[in-house]
Amino acid sequence: MAQPTDIVIPADLLPRDGRFGSGPSKVERAALDALAASGSYYMGTSHRQPTVRSVVAAIRDGLRRLYGLPDAYEVVLGVGGATAFWDAAAFGLIRRRSQHAVFGEFSGKFAAVTTGAPHLDAPEIIESPPGTCPRPETSAEIDLYALTHNETSTGVMMPIKRPAGAAGLVAVDATSAAGAMEVQHGEYDVYYFSLQKAFGSEGGLWIAMCSPAAVDRIDLIAASGPWVPPFLSLKSALENSRKNQTTNTPALATLFLMRHQLDRMNEQGGLRWAADRSRRSSSLIYEWAEASAHAAPFVTEPTTRSTTVATIDLIDSVQADDVEAALRANGIVDTGGYRKLGRNQLRIACFPNVDPDDVAALIGAIDYIVERLD
Ligand SMILES: *Cc1c(COP(=O)(O)O)cnc(C)c1O
């Protein structure tokens with residue numbers, strides 16, 4: 001039996017780009033080249049001046065266009081990624097009690113934030129086992145429903161629907177969905193995300209598309225609620241965003257890459273184009289896994305299989321760690337399963353930046369490795 005890292009995949013079977021990570025994810029070479037080509041004109045200049053603020057404006061406009069966002073919705077941004085947004089939401093978006101649909105690591109983390117927040121009532125947690133999708137339940141006590149469009153740790157996507165008759169806000173963590181999955185604007189109040197997943201940019205920022213009801217809530221809590229750490233103030237983020245700024249210094253490279261990505265997506269055919277590309281890539285993987293003797297989709301219910309993050313279980317005699325190591329030795333990286341899930345699993349990002357032809361090549365490379373491992 002070969003050592004996994006000794007296996008050499010013939011060059012003509014390799015994908016052209018070997019990045020399949022679920023976050024940070026593949027950044028377009030053209031975007032990186034454009035960033036390098038910006039030379040001394042952009043990086044290292046003030047975020048309070050028109051050069052950078054025009055990039056923020058282009059991102060806010062680009063998102064409006066990509067989503068066909070209703071005029072009354074606002075695009076708000078801040079520093080710190082989705083993780084920071086959870087903390088900000090605990091202070092500035094939830095009044096008393098939230099409900100969390102928990103089905104993996106990321107949805108669980110937001111629930112942990114509100115569980116620990118002393119100024120909030122204990123949240124209601126509706127949990128389902130990894131690989132499945134929980135259903136939110138309407139309740140008069142709940143003023144914010146926390147949904148997750150795509151649970152990146154397990155590869156399960158959730159239908160985004162406002163719970164019937166719910167009076168509370170619906171806040172959706174869309175971190176590995178935004179830019180690759182469609183959503184109906186009436187079904188959410190806040191759709192927030194980091195930029196290093198489906199948008200193929202970099203970490204460090206969060207963006208939230210907010211309905212008028214969400215903006216009202218932010219204003220109301222800022223006017224009447226408890227003290228908020230200033231860095232986490234959604235009111236401050238809202239007011240700065242309207243001026244195409246952030247409360248504190250943003251990552252300029254992240255902004256640049258995001259703007260580039262939005263331009264590309266809007267030029268190529270918008271969200272439908274992006275969603276189709278992810279669907280094509282993920283379908284290749286699921287169809288291969290269903291037909292394979294050594295692989296199977298982890299998510300058994302086909303309608304909740306993520307179109308952006310495909311999780312594939314391997315049979316016991318084929319160790320995912322070995323496959324991952326062999327792929328990495330051949331320049332194909334970040335295909336390992338989510339560590340804490342603890343399964344014999346590969347996890348493959350099918351974000352719009354990933355070329356479906358490269359996914360097809362990856363599948364061939366995995367089969368090539370498996371044949372040589374046993
Ligand atoms: C990656 C991820 C996060 C965390 O994003 P950060 O930018 O690291 O804060 C949150 N939610 C989901 C669904 C994610 O995939």
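The model is predicted.

Start with helix α7, which spans residues 252–268 and holds H260. H260 is partly exposed, at a relative accessible area of 24%. That value falls in the partly exposed class because buried means under 20% and exposed means over 50%. Setting aside neighbours within four places in sequence, H260 touches A30, A31 and A34.

Now follow α7 to its partner, helix α8, residues 270–291. The two helices pack at about 95 degrees, and their axes are 6 Å apart. Angles of 65 to 115 degrees count as roughly perpendicular, so α7 and α8 are roughly perpendicular to each other. On the α7 side, the contact uses R264, M265, N266 and Q268. On the α8 side, G270, W273, A274 and R277 take part. By class, this contact has three nonpolar, three polar and two charged residues.

Next, turn to strand β11, residues 309–314. Six of its six residues are buried. In a regular strand, side chains alternate between the two faces of the sheet. Both faces of β11 are covered. V309, T311 and D313 are buried on one side. A310, I312 and L314 are buried on the other.

Strand β11 also has partners. Three bridges join it to β10, residues 295–297, and the two run antiparallel. Five bridges join β11 to β12, residues 345–349, again antiparallel. D313 is a handy landmark here. It stands opposite A296, and it also stands opposite Q345 in β12.

Last come the backbone details. Most residues other than glycine have a negative phi, and most peptide bonds are trans. The peptide bond from G23 to P24 is cis, with omega near -5 degrees. P24 sits in the segment before α1, residues 29–37. N244 has a positive phi, near 60 degrees. N244 lies in the loop between α6 and α7. D334 also has a positive phi, near 65 degrees. D334 lies in the loop between α9 and β12.

D334 counts as partly exposed, at 35% relative accessibility.

Definitions and conventions. Residues are numbered from 1 along each chain as its sequence is written. This is a predicted model: local features need pLDDT of at least 70, side-chain atom pairs count only at pLDDT 80 or more; totals for chains, interfaces and linings use all residues. Side-chain values use heavy atoms; hydrogens and water are left out. Helices (H or I, at least four residues) and strands (E, at least two) are DSSP runs, numbered from the N terminus. Buried means under 20% relative accessible area, exposed over 50%, partly exposed in between (1.4 Å probe, protein chains only). Contact means heavy atoms within 4.5 Å. Two strands pair if DSSP finds at least two bridges between them. Axes are lines fitted to C-alpha atoms, for helices over the stretch in contact, and angles run from 0 to 180 degrees between N-to-C directions. Angles under 35 degrees count as roughly parallel, over 145 as roughly antiparallel, 65 to 115 as roughly perpendicular and the rest as oblique. Ala, Val, Leu, Ile, Met, Phe, Trp, Tyr, Cys and Pro count as nonpolar, Asp, Glu, Lys and Arg as charged, and the others, Gly among them, as polar.
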